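Please read this briefing with the sequence and the three-dimensional structure beside you. It begins with how terms are used and then moves through the structure topic by topic.

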Amino acid sequence: MIEGRRLAGSLREHHRGSTTEFGTGMATVIGRSDSAEMALLRRALDDGGFEEGADPYGVRLLDAPLPPVPDWVEDGDGRVLVVACGERHPSGVWGLLAQGVEDVISWTGEETVAVVVARLERWREVDRVLSSRVVASLVHGGSAATRRLLVDLVELAVYGSGPILLVGETGTGKELAARLVHAVAEESASLVVVDCTTIVASLSGSELFGHEKGAFTGADRARAGAFAAADGGTLFLDEIGELPLALQVELLRVLQEGTYKRVGGDTWSRTRFRLVSATNRDLEEEQRQGRFRSDLYHRIASGIVRLPPLRERTDDLEDLFRHFLAEAAGRPLEVAPSVVALLHDRDYPGNLRELRQLAYAVAARHAGPGSVSPGDVPLQYRPAGPAADPPVPSRRLLDRAVRAGLSEGLSLPDLKTLVGDVAVEAALARCDGNVHRAAALLGVTDRAVQLRRQVPRPRAGKKAQ
Ligand SMILES: Nc1ncnc2c1ncn2[C@@H]1O[C@H](COP(=O)(O)OP(=O)(O)OP(=O)(O)O)[C@@H](O)[C@H]1O
């Protein structure tokens with residue numbers, strides 16, 4: 001059973017027939033499997049309908065001491081709960097959480113079984129939402145960072161009722177996140193979007209409050225504002241950091257008391273909405289500068305979700321590009337590897353919006369049935385070319401490095417190994433540590449990259465055997 005907020009109707013239907021795109025899919029409970037506590041837990045999980053090792057949502061009971069936790073925890077492969085049997089205050093709890101473990105529960109007696117089962121039930125429910133059509137149709141990009149973001153959003157949307165503040169650079173998907181919160185929690189009610197940069201000029205705030213006929217020049221008829229339109233639903237205040245101080249006071253009162261007056265009117269109206277706000281400003285700094293009220297900040301930020309910039313989720317690049325490309329072209333398109341390489345080579349200060357613009361520009365140039373090729377990429381998006389990296393100086397640099405190596409006593413095999421190591425290191429750095437992409441860039445197998453990482457570097461003066 002799901003407690004807390006109502007779950008939108010269509011989400012109850014699990015997205016069957018396809019593999020789970022965003023669902024974490026599996027929960028792992030780490031504890032000592034030979035203990036009496038774990039035996040109790042196993043029985044309770046069985047009664048609760050959790051199948052060990054089953055998809056789409058199952059449980060793994062893993063026998064592991066505390067810490068370390070398995071490597072895959074950091075890769076976001078499912079959610080992990082550590083049950084600390086016999087250790088009321090296990091050491092290294094914060095380290096485990098930093099490694100990606102979701103929570104550490106100390107065993108205090110049989111009642112702990114209910115705590116663990118309740119936690120897993122909630123995860124299973126959130127997983128169902130993540131696997132629903134509503135989520136799949138809105139959001140793309142299956143990186144671990146995106147999955148974590150979605151878990152946070154869905155938990156706040158479904159189980160929380162307080163205001164949510166979305167923070168992130170421009171184009172990171174804050175508005176999309178607001179739409180998602182609304183879709184999973186309040187599907188049938190209305191979502192009202194207000195861009196606070198547009199209400200700076202008027203100062204009266206009639207966009208929010210509405211106004212009576214004759215309230216100001218040009219108010220030739222009465223109009224309802226966003227507070228009225230959002231009643232029973234969600235109000236999304238985009239760029240809330242831009243809201244003038246005078247209106248911040250008014251908004252605070254509406255949030256606290258649920259009442260407001262239209263501009264030029266004198267009767268109080270009631271409203272109740274879920275508030276989602278977004279900003280790309282540092283609101284803590286804005287408070288220090290006296291530009292944002294602290295009391296309002298605490299009121300709007302009962303749940304804060306940070307939208308990571310694209311550079312922190314480069315694993316999403318290809319998936320998102322293909323999605324935007326298909327959106328623009330009206331059909332899926334194949335993409336040549338050189339275009340994929342270009343995607344990874346550039347920066348995206350405008351984040352997902354910039355990637356989307358690139359995809360639309362590419363789709364507009366692309367003709368015919370073949371793959372998207374380098375020629376489809378408009379000039380302004382192409383790399384500078386060989387002139388920016390002239391071969392002669394590079395050859396000279398290499399020449400100097402090889403001579404220095406020889407004078408330090410390195411052999412030709414040593415030098416070859418070094419060049420390989422340096423190339424792998426550079427490729428990994430360029431691909432944010434992603435082995436698969438680094439291997440593609442170097443034209444070698446993933447395993448070759450992994451092996452290189454482990455090869456000890458030859459030291460000067462020690463000839464290779
Ligand atoms: N995960 C995603 N999957 C698919 N499309 C996305 C995703 N995130 C963002 N987008 C798309 O990227 C574009 C920019 O997103 P959005 O407008 O939500 O960003 P924003 O953070 O609100 O930007 P700004 O701060 O400039 O208002 C939109 O077209 C949006 O639909």
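A residue is called buried if 20 or more other C-beta atoms lie within 10 Å of its own, exposed if 12 or fewer do, and partly exposed in between, with C-beta atoms placed from the backbone. This is a predicted model, in which local features need pLDDT of at least 70 and side-chain atom pairs count only at pLDDT 80 or more, while totals for chains, interfaces and linings use all residues. Residues are numbered from 1 along each chain as its sequence is written.

**Overall make-up**

- The protein has 18 helices and 14 strands, where helices (H or I, at least four residues) and strands (E, at least two) are DSSP runs numbered from the N terminus.
- Of the 465 residues in the protein, 33% are buried.
- Two residues are in contact if their C-beta atoms, placed from the backbone, lie within 7 Å; among contacts between residues at least 6 apart in sequence, 74% join residues at least 24 apart.

**Strand 4, a buried strand**

- Strand 4 (residues 79-84) is largely enclosed by the rest of the structure, because six of its six residues are buried.
- Arg79, Leu81 and Val83 point one way from strand 4, whereas Val80, Val82 and Ala84 point the other way, and all of these residues are buried.
- Two strands pair if DSSP finds at least two bridges between them; strand 4 is joined by four bridges to strand 5 (residues 103-106), and the two run parallel.
- Within this pairing, valine 82 has valine 104 of strand 5 as its bridge partner.

- An open sheet is formed by five strands in the order 7-10-13-6-14, with parallel pairing.
- Strand 7 (191-195) and strand 14 (303-306) stand at the edges and have a single partner strand each, so one side of each is left without a neighbour in the sheet.
- From one strand to the next, the twist averages 20°, an angle taken, like the others here, between N-to-C directions on a scale from 0 to 180 degrees, with axes that are lines fitted to C-alpha atoms, for helices over the stretch in contact.
- Helix 5 (residues 144-159) packs on the sheet and touches strand 6 (164-167) and strand 14, its direction making about 160° with that of strand 14.
- Helix 5 contains aspartate 152, which counts as partly exposed because it has 17 C-beta neighbours inside 10 Å.
- Although aspartate 152 and isoleucine 304 are 152 residues apart along the chain, their C-alpha atoms are separated by 9.3 Å.

**Strand 10 within the sheet**

- Strand 10 (residues 234-238) is joined to strand 7 by five bridges, and these two strands run parallel.
- In that pairing, aspartate 195 stands opposite aspartate 238, and valine 194 has leucine 237 as its bridge partner.
- Strand 10 also pairs with strand 13 (residues 274-279) in the parallel sense over four bridges, with phenylalanine 236 opposite valine 276.

**The surroundings of the ligand**

- There are 18 residues around the ligand, of which Thr170, Gly173, Lys174, Glu175 and Leu352 come nearest; a residue is near a molecule or strand if its C-beta atom, placed from the backbone, lies within 6 Å of it.
- Helix 6 (174-185) and helix 14 (351-365) are the elements that give two or more residues to this shell.
- By class, the shell has four nonpolar, nine polar and five charged residues, where Ala, Val, Leu, Ile, Met, Phe, Trp, Tyr, Cys and Pro count as nonpolar, Asp, Glu, Lys and Arg as charged, and the others, Gly among them, as polar.
- The ligand lies between domain 2 (161-306) and domain 3 (313-383), because both give residues to the shell around it; the domain bounds come from an automatic or database domain assignment.

**Residues with a positive phi**

- Glutamate 239, found in the loop between strand 10 and helix 9 (245-257), has a positive phi of about 55° although it is not a glycine.
- Asparagine 351, placed in helix 14, likewise has a positive phi of about 55° without being a glycine, and it is buried, with 20 other C-beta atoms within 10 Å.
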